[in-house]
Amino acid sequence: MTVAEVAREAYREALPALSASLVGGLLAGVVLGGMREELRAVSGLLVLVPALLATRGNVYSSLGARIATALHQGLVEPRVRGGDPRLRSAVAASIANGLLASAFAATAAYVVLWALAASPAPLATLVGISVLAGLLSGVTLSTVVVLAVFAGYRRGYNPDTLVGPLVTTTGDVFGIAYLLLAVRIVLALGGG
(Lines give C-alpha, C1' and ligand atoms only; values in the text may rest on other atoms or scores of the structure.)
Protein backbone atom coordinates (compact mmCIF):
# COMPACT_ATOMS: atom_id res chain seq x y z
CA MET A 1 0.00 0.00 0.00
CA THR A 2 1.14 3.52 -0.68
CA VAL A 3 1.16 6.26 1.92
CA ALA A 4 -1.85 7.90 0.25
CA GLU A 5 -3.82 4.63 0.38
CA VAL A 6 -2.98 4.13 4.05
CA ALA A 7 -4.03 7.70 4.82
CA ARG A 8 -7.32 7.31 2.91
CA GLU A 9 -8.07 4.07 4.77
CA ALA A 10 -7.30 5.67 8.13
CA TYR A 11 -9.58 8.63 7.41
CA ARG A 12 -12.33 6.35 6.08
CA GLU A 13 -12.32 4.43 9.35
CA ALA A 14 -11.74 7.30 11.76
CA LEU A 15 -13.70 10.22 10.31
CA PRO A 16 -17.20 8.95 11.20
CA ALA A 17 -16.09 8.12 14.75
CA LEU A 18 -14.37 11.49 15.16
CA SER A 19 -17.44 13.30 13.82
CA ALA A 20 -19.65 11.45 16.30
CA SER A 21 -17.18 12.37 19.04
CA LEU A 22 -17.49 16.04 18.16
CA VAL A 23 -21.29 15.94 18.29
CA GLY A 24 -21.21 13.94 21.53
CA GLY A 25 -18.88 16.45 23.15
CA LEU A 26 -21.23 19.27 22.22
CA LEU A 27 -24.20 17.37 23.68
CA ALA A 28 -22.29 16.77 26.91
CA GLY A 29 -21.52 20.50 27.07
CA VAL A 30 -25.20 21.33 26.69
CA VAL A 31 -26.10 18.97 29.55
CA LEU A 32 -23.30 20.40 31.71
CA GLY A 33 -24.54 23.92 30.95
CA GLY A 34 -27.97 22.89 32.20
CA MET A 35 -26.58 21.64 35.52
CA ARG A 36 -26.20 25.09 37.08
CA GLU A 37 -28.51 24.34 39.99
CA GLU A 38 -26.78 21.04 40.79
CA LEU A 39 -23.34 22.63 40.50
CA ARG A 40 -24.38 25.28 43.02
CA ALA A 41 -25.92 22.70 45.36
CA VAL A 42 -22.80 20.51 45.51
CA SER A 43 -19.75 22.66 46.12
CA GLY A 44 -16.72 21.18 44.39
CA LEU A 45 -18.66 19.20 41.80
CA LEU A 46 -17.37 21.30 38.90
CA VAL A 47 -13.78 20.55 39.96
CA LEU A 48 -14.62 16.86 39.84
CA VAL A 49 -16.17 16.80 36.33
CA PRO A 50 -12.91 16.76 34.29
CA ALA A 51 -11.40 14.07 36.51
CA LEU A 52 -14.47 11.85 36.18
CA LEU A 53 -14.62 12.24 32.40
CA ALA A 54 -10.90 11.55 32.04
CA THR A 55 -11.26 8.48 34.23
CA ARG A 56 -14.00 7.08 31.99
CA GLY A 57 -11.87 7.64 28.92
CA ASN A 58 -8.79 6.00 30.41
CA VAL A 59 -10.49 2.98 31.95
CA TYR A 60 -12.81 2.10 29.08
CA SER A 61 -10.29 2.85 26.32
CA SER A 62 -8.14 0.24 28.03
CA LEU A 63 -11.05 -2.18 27.94
CA GLY A 64 -11.51 -1.56 24.22
CA ALA A 65 -7.79 -2.00 23.57
CA ARG A 66 -7.73 -5.24 25.58
CA ILE A 67 -10.66 -6.63 23.62
CA ALA A 68 -9.17 -5.49 20.29
CA THR A 69 -5.89 -7.21 21.12
CA ALA A 70 -7.71 -10.39 22.11
CA LEU A 71 -9.61 -10.30 18.80
CA HIS A 72 -6.42 -9.78 16.79
CA GLN A 73 -4.76 -12.68 18.61
CA GLY A 74 -7.77 -14.94 18.24
CA LEU A 75 -8.27 -15.27 22.01
CA VAL A 76 -11.94 -14.23 21.82
CA GLU A 77 -14.53 -14.67 19.13
CA PRO A 78 -16.12 -11.49 17.72
CA ARG A 79 -19.47 -12.42 19.26
CA VAL A 80 -20.98 -11.37 22.53
CA ARG A 81 -21.30 -14.43 24.69
CA GLY A 82 -21.88 -14.22 28.39
CA GLY A 83 -19.91 -17.40 28.95
CA ASP A 84 -16.55 -16.10 27.68
CA PRO A 85 -14.45 -15.86 30.87
CA ARG A 86 -11.85 -13.53 29.31
CA LEU A 87 -14.50 -11.06 28.23
CA ARG A 88 -16.35 -11.21 31.57
CA SER A 89 -13.09 -10.71 33.48
CA ALA A 90 -12.05 -7.74 31.34
CA VAL A 91 -15.43 -6.04 31.77
CA ALA A 92 -15.56 -6.73 35.53
CA ALA A 93 -12.01 -5.41 36.00
CA SER A 94 -12.83 -2.26 34.04
CA ILE A 95 -15.95 -1.53 36.06
CA ALA A 96 -14.07 -2.16 39.33
CA ASN A 97 -11.22 0.13 38.18
CA GLY A 98 -13.76 2.78 37.18
CA LEU A 99 -15.42 2.68 40.60
CA LEU A 100 -12.10 2.82 42.42
CA ALA A 101 -10.89 5.71 40.26
CA SER A 102 -14.19 7.55 40.82
CA ALA A 103 -13.87 7.26 44.59
CA PHE A 104 -10.23 8.33 44.44
CA ALA A 105 -11.03 11.33 42.22
CA ALA A 106 -13.76 12.48 44.62
CA THR A 107 -11.46 12.10 47.61
CA ALA A 108 -8.62 13.95 45.87
CA ALA A 109 -10.96 16.79 44.84
CA TYR A 110 -12.25 17.06 48.41
CA VAL A 111 -8.73 17.16 49.89
CA VAL A 112 -7.50 19.76 47.38
CA LEU A 113 -10.56 21.96 47.85
CA TRP A 114 -10.34 21.62 51.64
CA ALA A 115 -6.60 22.51 51.54
CA LEU A 116 -7.47 25.61 49.50
CA ALA A 117 -10.16 26.54 52.07
CA ALA A 118 -12.82 26.30 49.38
CA SER A 119 -15.38 24.55 51.65
CA PRO A 120 -16.35 21.61 49.45
CA ALA A 121 -19.47 19.49 49.90
CA PRO A 122 -19.09 16.65 52.43
CA LEU A 123 -16.72 13.88 51.34
CA ALA A 124 -19.51 11.28 51.52
CA THR A 125 -21.61 13.35 49.11
CA LEU A 126 -18.81 13.73 46.56
CA VAL A 127 -17.85 10.05 46.80
CA GLY A 128 -21.49 8.94 46.59
CA ILE A 129 -22.09 11.01 43.47
CA SER A 130 -18.85 9.87 41.85
CA VAL A 131 -19.32 6.18 42.56
CA LEU A 132 -22.97 6.13 41.50
CA ALA A 133 -22.18 7.99 38.26
CA GLY A 134 -19.19 5.66 37.78
CA LEU A 135 -21.32 2.56 38.15
CA LEU A 136 -24.02 3.74 35.76
CA SER A 137 -21.60 4.97 33.13
CA GLY A 138 -19.38 1.91 33.60
CA VAL A 139 -22.17 -0.49 32.74
CA THR A 140 -23.17 1.61 29.73
CA LEU A 141 -19.61 2.13 28.48
CA SER A 142 -18.73 -1.55 28.88
CA THR A 143 -21.76 -2.55 26.84
CA VAL A 144 -21.13 0.04 24.11
CA VAL A 145 -17.41 -0.76 23.86
CA VAL A 146 -17.91 -4.53 23.62
CA LEU A 147 -20.70 -4.27 21.05
CA ALA A 148 -18.95 -1.65 18.93
CA VAL A 149 -15.56 -3.37 18.94
CA PHE A 150 -17.11 -6.69 17.92
CA ALA A 151 -19.38 -5.12 15.28
CA GLY A 152 -16.52 -3.07 13.83
CA TYR A 153 -14.19 -6.06 13.75
CA ARG A 154 -16.78 -8.21 11.97
CA ARG A 155 -17.24 -5.45 9.36
CA GLY A 156 -13.51 -5.27 8.68
CA TYR A 157 -12.68 -2.13 10.67
CA ASN A 158 -9.68 -1.93 12.93
CA PRO A 159 -11.18 -1.82 16.45
CA ASP A 160 -8.20 0.18 17.70
CA THR A 161 -9.29 3.03 15.40
CA LEU A 162 -12.84 2.96 16.76
CA VAL A 163 -12.17 2.69 20.49
CA GLY A 164 -10.74 6.15 21.24
CA PRO A 165 -13.42 8.32 19.65
CA LEU A 166 -16.17 5.92 20.70
CA VAL A 167 -15.17 5.94 24.36
CA THR A 168 -14.69 9.72 24.30
CA THR A 169 -18.14 10.30 22.86
CA THR A 170 -20.01 7.75 24.93
CA GLY A 171 -18.08 8.63 28.08
CA ASP A 172 -18.76 12.35 27.73
CA VAL A 173 -22.45 12.05 26.90
CA PHE A 174 -23.38 9.33 29.36
CA GLY A 175 -20.82 10.46 31.94
CA ILE A 176 -22.38 13.91 32.23
CA ALA A 177 -25.95 12.58 32.01
CA TYR A 178 -25.30 10.00 34.74
CA LEU A 179 -23.47 12.60 36.82
CA LEU A 180 -26.59 14.76 36.71
CA LEU A 181 -28.74 11.76 37.67
CA ALA A 182 -26.34 10.78 40.48
CA VAL A 183 -26.36 14.31 41.90
CA ARG A 184 -30.14 14.36 41.94
CA ILE A 185 -30.32 10.93 43.59
CA VAL A 186 -27.73 11.74 46.27
CA LEU A 187 -29.34 15.11 47.02
CA ALA A 188 -32.77 13.46 47.23
CA LEU A 189 -31.33 10.98 49.73
CA GLY A 190 -30.14 13.85 51.93
CA GLY A 191 -26.56 14.35 50.71
CA GLY A 192 -25.28 17.86 50.36
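This is a predicted model: local features need pLDDT of at least 70, side-chain atom pairs count only at pLDDT 80 or more; totals for chains, interfaces and linings use all residues.
T169 touches A17, A20, S21 and G24, leaving out residues up to four places away in sequence; touching, or contact, means heavy atoms within 4.5 Å. Residues are numbered from 1 along each chain as its sequence is written, and side-chain values use heavy atoms, with hydrogens and water left out.

**The whole chain**

- The chain has six helices and zero strands; helices (H or I, at least four residues) and strands (E, at least two) are DSSP runs, numbered from the N terminus.
- Going along the sequence, you read the pattern α-α-α-α-α-α.
- The C-alpha trace spans about 60 × 35 × 25 Å along its principal axes.
- Of the 192 residues in the chain, 39% are buried; buried means under 20% relative accessible area, exposed means over 50%, and partly exposed is in between (1.4 Å probe, protein chains only).
- Take the contacts with a separation of 6 or more: 81% of them are between residues 24 or more positions apart.

**Helices α1 and α6**

- Two packed helices are described by the angle between their axes and the distance between the axes.
- For α1 (residues 3-33) and α6 (residues 159-188), the axes come within 8 Å and cross at roughly 15°. Axes here are lines fitted to C-alpha atoms, for helices over the stretch in contact, and angles run from 0 to 180 degrees between N-to-C directions.
- α1 and α6 are therefore roughly parallel to each other. The cut-offs are under 35 degrees for roughly parallel, over 145 for roughly antiparallel, 65 to 115 for roughly perpendicular, and oblique for the rest.
- Who meets whom? On the α1 side the residues include E13, A14, A17 and L18, and on the α6 side they include T161, L162, P165 and T168.
- The residues of this α1 and α6 contact divide into 14 nonpolar, six polar and two charged. Ala, Val, Leu, Ile, Met, Phe, Trp, Tyr, Cys and Pro count as nonpolar, Asp, Glu, Lys and Arg as charged, and the others, Gly among them, as polar.

**Two threonines in α6**

- T169 lies in helix α6 and counts as buried, at 14% relative accessibility.
- T170 is found in helix α6 too, and it is buried with a relative accessible area of 9%.
- What does T170 touch? Leaving aside its neighbours within four places in sequence, T170 is in contact with L141, V144 and G175.

**Helices α3 and α4**

- α3 and α4 pack at an angle of about 160°, and their axes are 9 Å apart.
- That makes α3 roughly antiparallel to α4.
- The crossing of α3 and α4 is right-handed.
- In the contact of α3 with α4, the residues split into 17 nonpolar, five polar and two charged.

**The nonpolar cores**

- The largest nonpolar core has 21 residues, and those with the most contacts inside it are M35, V42, L45, L48, L126, I129 and L179. A nonpolar core is a set of buried Ala, Val, Leu, Ile, Met, Phe, Trp, Tyr and Cys residues joined through side-chain atoms within 4.5 Å.
- The elements that give two or more residues to this core are α3 (45-73), α4 (85-115), α5 (123-154) and α6.
- Which element gives the most? That is α6, with six residues.
- A second, separate core has 18 residues, including L63, L71, L87 and V163.
- Not counting residues up to four places away in sequence, L126 touches V42, S43, G44, L45, L48, A106, Y110, P120 and A121.

**A106 in α4**

- A106 lies in helix α4 and is buried, with a relative accessible area of 0%.
- With residues up to four places away in sequence left out, A106 touches L48, L123, L126, V127 and S130.
- A106 and G44 are 62 residues apart in sequence and 9.2 Å apart in space, C-alpha to C-alpha.

**The loop between α4 and α5**

- Most residues other than glycine have a negative phi.
- A117 has a positive phi, near 60°, and is not a glycine; A117 sits in the loop between α4 and α5.
- S119, also not a glycine, has a positive phi of about 45°, and S119 lies in the loop between α4 and α5.
- Buried or exposed? A117 is exposed, with a relative accessible area of 68%, and S119 is exposed, with 58%.

Note on methods: A crossing is left-handed if the near helix is turned anticlockwise from the far one by less than a right angle, and right-handed if clockwise.
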